[in-house]
2 protein chains.
Amino acid sequence: MVPLDTPVQEREKAEAAQVSCGHCDLGALAFCSGLKADQFRRFLGVLRQTAVEAHSTVFREGDQALHLYTVASGAVKLYKLLSDGRRQVTAFLFPGDFFGLSVNGAYAYTAEAMGQVMLCRFPRVKLDVLLGDIPMLEKKLLEATTHELALAHEQMLLLGRKTAREKLATFLVMLMRRLTGRTDGTPLLALTMSRSDIADYLGLTIETVSRTLTAFRKDGLITCPDANHVAIKLPDVLLRIAEGS
Amino acid sequence: MVPLDTPVQEREKAEAAQVSCGHCDLGALAFCSGLKADQFRRFLGVLRQTAVEAHSTVFREGDQALHLYTVASGAVKLYKLLSDGRRQVTAFLFPGDFFGLSVNGAYAYTAEAMGQVMLCRFPRVKLDVLLGDIPMLEKKLLEATTHELALAHEQMLLLGRKTAREKLATFLVMLMRRLTGRTDGTPLLALTMSRSDIADYLGLTIETVSRTLTAFRKDGLITCPDANHVAIKLPDVLLRIAEGS
DNA sequence: CGTATTATTGACCACTCTCAAAAAACGTGG
DNA sequence: CCACGTTTTTTGAGAGTGGTCAATAATACG
């Protein structure tokens, strides 16, 4: 719960026309990629990098939305709660993803670190000025939000219309794409999230998640070296299941 | 399926500093509200108003995303399909709402008119130029997308964690807010969507939608003059059910 | 007015949830 | 490093919400 703030204004190693943030290894995916040297300097003046410990809350739903964040390293989950404790995880975020967009000045969801996480934090008021001056940043933000929206639509399809088996298959394929960038080979996935997180992401219970993974194992689709690692044995079959055919 | 295009460039009745589009009665909610006279003239040059017949498809998921749309009047539904025909309605849109945002140049969902609809259509390439010149428009678009994203998160919570009863209650309260702007009194809602649309929006079957509405009727929460009209008798109780308590 | 479509109601069933216990993994201190 | 307690995951048995299939009723439409 105690973010270790590290000012970064003084680090101005980027004088080249094309610079990269240097705090992350995102390359062209980073928010700051493509900025000119002087723009990048101003960008650094607005940004503050913060380290967040595992399982600590970055902000809660309803909090005043003072900052916008991007994930530099690690993973973050977003969720919403019902009054009786039922939870819906709305997204798992990985390096390069934005979060903290607000409606009416309040965050629409809670954000929690799933492990040691490095974040880039932008005060909204300062960022708004910068967005006005550097149209490319605003374009990127709009593009990122649009992308998030498309993912949300995908997730609605999953939650509303897919079976438990299809949900888990979709989840594994998604992780495979996101963490390894490929859907071929037999990648070994490190699950940074608990069964409870997965269940709340897919609209299932932990028991159903566990049982379905066991079924996948028995079908030879995956192997599990341990509870937090999944090796995808038949990616193509899994993909077919995910798409509901 | 045959949109009746009506060029509107010549209609330049707006010479005042603060103008409103004139094609809709949205006031401050309209995309064009707050534009200066010269900006508005350019805005009109980009825009094309189109009338769309009931049940016709504006565009399909995967189509090349050439246009961005706003609803001027009527209602539109967005949906995604699985290969075997299972459908998830991701949103019902009403006057003032945007749609047609794309990822990788393709629409992420299908858009269909639910009745006679008037749309404002913006070619993406022309709009992009205009957005670059009028930062306020880009801000509005970002805000609208952010708002849509928040609604999507709400819907994920509903789809993943709410019971049929809670889903229907949430749906009715949402319609009440959206169509009447209030949650008090005993408003009469005109349902522009079929049971099938409602079911596919809430992740249920038409039978469950029908049964749950009957249960609400028996509980005295609503009355139904006919199948397409619902009078909310106890809005506060419905709201409590919707929030899961 | 007859036909097609949509909505309601009923009976039954199954997928997933709930409750419960066992097994495995994790963390902590001796 | 191991014993211990705690937490997480897995597995099992049974139950319930919502789905499926089917028939009836109501509505829309030509």
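In chain A, four strands form an open sheet in the order 3-10-5-6, and their pairing is antiparallel. Strand 3 (57–59) and strand 6 of chain A are the edge strands, each pairing on one side only. On average, and with direction ignored, neighbouring strands of this sheet are turned by 30 degrees against each other. The model discussed here is a predicted one.

At one end of the strand order, strand 3 of chain A pairs with strand 10 (residues 110–113) of chain A in the antiparallel sense, over two bridges. Within this part of the sheet, A:Phe59 stands opposite A:Ala111 of strand 10 of chain A. Two helices are placed against strands 5 and 6 of chain A, one from chain A and one from chain B. Helix 5 (residues 195–202) of chain A lies across strand 5 (76–81) and strand 6 of chain A, and runs at about 105 degrees to strand 6 of chain A. Helix 3 (residues 135–161) of chain B packs on the sheet and touches strand 5 and strand 6 of chain A; the direction of this helix makes about 125 degrees with that of strand 6 of chain A.

Chain A is divided into domain 1, residues 4–158, and domain 2, residues 162–242. Eleven residues from domain 1 of chain A and nine residues from domain 2 of chain A take part in the contact. On the side of domain 1 of chain A that touches domain 2 of chain A, strand 5 and strand 6 of chain A are the elements that give two or more residues. Strand 6 of chain A gives the most to this side, with four residues. By class, the residues on this side of domain 1 of chain A divide into seven nonpolar, two polar and two charged.

The contact between the two chains comes next. In it, 34 residues of chain A are in contact with 34 residues of chain B. The elements that give two or more residues to the side of chain A that touches chain B are strand 6 (87–93) and helix 3 (135–161) of chain A. Helix 3 of chain A gives the most, with 18 residues. This side of chain A has 14 nonpolar, 13 polar and seven charged residues.

How are the two chains related?

Two or more residues of the surface near DNA strand C come from each of helix 6 (206–218) of chain A, helix 5 (195–202) of chain B and helix 6 (206–218) of chain B. Helix 6 of chain B has the largest share of this surface, six residues. The surface near DNA strand C consists of six nonpolar, eight polar and five charged residues.

At least two residues of the surface near DNA strand D are supplied by each of helix 5 and helix 6 of chain A, and helix 4 (164–180) and helix 6 of chain B. Helix 6 of chain A gives the most to this surface, with six residues. By class, the surface near DNA strand D has six nonpolar, seven polar and six charged residues.

A further sheet is found in chain B, where three strands form an open sheet in the order 12-14-13 with antiparallel pairing. Strand 12 (188–190) and strand 13 of chain B stand at the edges with a single partner strand each, so one side of each is left without a neighbour in the sheet. Neighbouring strands here are turned by 25 degrees against each other on average, direction ignored. Strand 13 (residues 222–226) and strand 14 (residues 229–232) of chain B run antiparallel and are joined by three bridges. A hairpin of two residues links strand 13 of chain B to strand 14 of chain B, and B:Thr223 stands opposite B:Ala231 in strand 14 of chain B.

Terms used: Residues are numbered from 1 along each chain as its sequence is written. Chains are lettered from A and ligands numbered from 1 in the order in which they are written. This is a predicted model: local features need pLDDT of at least 70, side-chain atom pairs count only at pLDDT 80 or more; totals for chains, interfaces and linings use all residues. Two residues are in contact if their C-beta atoms, placed from the backbone, lie within 7 Å. Ala, Val, Leu, Ile, Met, Phe, Trp, Tyr, Cys and Pro count as nonpolar, Asp, Glu, Lys and Arg as charged, and the others, Gly among them, as polar. Two strands pair if DSSP finds at least two bridges between them. Axes are lines fitted to C-alpha atoms, for helices over the stretch in contact, and angles run from 0 to 180 degrees between N-to-C directions. Domain bounds come from an automatic or database domain assignment.
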